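Here is a friendly briefing on a single residue and the chain around it. Please have a look at the sequence and the structure first.

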Amino acid sequence: MAELKYDIVKNFGTLSESSKGWKKELNLVSWNDKEAKYDIRDWDETRSKMGKGVTLTEEDLKQLKTILNDMDL
């Protein structure tokens, strides 16, 4: 399996933290030297291991924001 290369360009914040120290974060991440995209996933304390996540384009993120703003929470 090829090595996965990533660069966390910007951290926007932590959504939650597990009892084991893993944090669910919203970041701007460049995967394999490609254009950075918005990304929500769990990271270990050193950001060397990651869980499954969701990667969003800027348009996806704008649409998600619209949906969340319209929700009655």
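**Asparagine 11 and its chain**

Asparagine 11 sits in strand S1, which covers residues 6–17; strands are DSSP runs of E with at least two residues, and helices are runs of H or I with at least four, numbered from the N terminus. This is a predicted model, where local features need pLDDT of at least 70, side-chain atom pairs count only at pLDDT 80 or more, and totals for chains, interfaces and linings use all residues. Residues are numbered from 1 along each chain as its sequence is written, and side-chain values use heavy atoms, with hydrogens and water left out.

**Surroundings of asparagine 11**

- Asparagine 11 counts as partly exposed because its relative accessibility is 35%, between the limits for buried (under 20%) and exposed (over 50%), with a 1.4 Å probe and protein chains only.
- Beyond its neighbours within four places in sequence, asparagine 11 is in contact with Glu25, Leu26, Asn27 and Arg47 (heavy atoms within 4.5 Å).
- Glutamate 45 is 34 residues from asparagine 11 in sequence, and their C-alpha atoms are 14 Å apart in space.
- The side chain of asparagine 11 reaches the backbone nitrogen of glycine 13 at 3.3 Å.

**The whole chain**

- The protein chain has 1 helix and 4 strands, in the order β-β-β-β-α from the N terminus.
- Its C-alpha trace spans about 40 × 35 × 20 Å along the principal axes.
- Of the 73 residues in the protein chain, 18% count as buried.
- Among contacts with a separation of 6 or more, 22% join residues 24 or more positions apart.

Notes:
A polar contact is a pair of N or O atoms within 3.5 Å; within protein, one must be able to donate a hydrogen and the other to accept it, and residues adjacent in sequence count only if both atoms are side-chain atoms.
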